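Subject: Structure for your review

Dear colleague,

Please find below the structure that I am handing over to you. My notes on it follow directly after.

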Amino acid sequence: MKTSELKKLAREAGADLVGVAPASRWADWPAARNPATLQPRCRAVIVVGRRILRGAFRGVEEGTSFGSTYNMFGATWMEHNFLTRTIHQVAALVEGTGHEAVPLTGGTTSGAPVQLDCKALAHAAGLGSVGKGGFFLTRAYGHRQRFGLILTDLEFDAT
């Protein structure tokens, strides 16, 4: 599977942003932040992003509603319902080629011996950069996106 095909299939699965960070971009990272610590045969990290809808911020900005808009559609449901489905579909497509795919949301859980940094991996995948406020910024959506990761032993061209 080529990177261009991966990106097309990921977009069909609901991804708004897709990037690939090959091992060469994170190979020298410390073990506690290195994808190869979780998957020793990892050759690439696929970073999948879904945009947070502009309207999800409306209640926050106006002070009228936080929980029913941003909390649900920008954070909780985004990460646990929408993004996970997209990551699962893309990982299944990768595994359909006979390779392994480890799907992750938010990197890894708090307190785990390995803490993958989604922002650092999204940057390594060429999707944008971390701004002064600590938010990840992309050209397409500014600070309005959430990321998930797929560790794979399938090699892809970098994005």
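Two rings of Phe, Tyr or Trp, the six-membered ring being used for Trp, count as a pair if their centres lie within 6.5 Å; the pair is edge-to-face if the planes are over 60 degrees apart. Please note that this is a predicted model. By that criterion the structure holds 3 aromatic pairs. One of them joins Phe73 and Trp77, whose ring centres are 5.1 Å apart and whose planes stand at 75 degrees, an edge-to-face arrangement. Both residues belong to helix 4 (residues 67-95), where a spacing of 4 residues, about one turn of the helix, separates them. Phe73 is partly exposed, at a relative accessible area of 36%, and Trp77 is likewise partly exposed, at 34%.

Another edge-to-face pair is made by Phe136 and Phe147, at 5.2 Å centre to centre and with 90 degrees between the planes. Phe136 is in strand 5 (residues 136-137) and Phe147 in strand 6, so this pair ties together parts that are 11 residues apart in sequence. The cut-off applied here is under 20% relative accessible area.

Phe73 and Trp77 also belong to an aromatic cluster, together with Phe82. Elsewhere, the ring of Trp29 has the charged end of Arg33 sitting over it, 5.4 Å from the ring centre.

Overall architecture

The protein contains 5 helices and 6 strands. Read from the N terminus, the order of these elements is α-β-α-β-α-α-β-α-β-β-β. A compact globule of 159 residues would have a radius of gyration near 15 Å, and the 16 Å found for the protein agrees with this. The C-alpha trace spans about 50 × 30 × 25 Å along its principal axes. Of the 159 residues, 40% count as buried. Among contacts with a separation of 6 or more, 70% are between residues 24 or more positions apart.

Helix 1

Within helix 1 (residues 3-12), the buried residues are Thr3, Leu6 and Ala10. These three cover an arc of only 55 degrees around the axis, which puts them on the same side of helix 1. An α-helix has 3.6 residues a turn, so residues three or four places apart point the same way. The other side of helix 1 carries Ser4, Lys8 and Glu12, which are exposed. Gly14 follows helix 1 and has a positive phi, near 110 degrees.

Asp153

Where does Asp153 lie? Its place is in the segment that comes after strand 6 (145-152). With a relative accessibility of 19%, Asp153 counts as buried, because the limit is under 20%. Which partners does its side chain have? The side chain of Asp153 makes a polar contact with that of His99, at 3.4 Å, and also reaches the backbone nitrogen of Glu100, at 2.9 Å. Apart from neighbours within four places in sequence, Asp153 is in contact with Gln39, Arg41, Cys42, Arg43, His99 and Glu100.

With kind regards

Terms used. Residues are numbered from 1 along each chain as its sequence is written. This is a predicted model: local features need pLDDT of at least 70, side-chain atom pairs count only at pLDDT 80 or more; totals for chains, interfaces and linings use all residues. Side-chain values use heavy atoms; hydrogens and water are left out. Helices (H or I, at least four residues) and strands (E, at least two) are DSSP runs, numbered from the N terminus. Buried means under 20% relative accessible area, exposed over 50%, partly exposed in between (1.4 Å probe, protein chains only). A polar contact is a pair of N or O atoms within 3.5 Å; within protein, one must be able to donate a hydrogen and the other to accept it, and residues adjacent in sequence count only if both atoms are side-chain atoms. Contact means heavy atoms within 4.5 Å. The arc is that of the directions from the helix axis to the C-beta atoms. Rings of Phe, Tyr and Trp (its six-membered ring) pair if their centres lie within 6.5 Å; planes under 30 degrees apart count as stacked, over 60 as edge-to-face and the rest as tilted. A charge sits over a ring if NZ of Lys or CZ of Arg is within 6 Å of the ring centre and within 35 degrees of the ring normal. The radius of gyration is taken over C-alpha atoms; the globule rule is 2.2 Å times the number of residues to the power 0.38.
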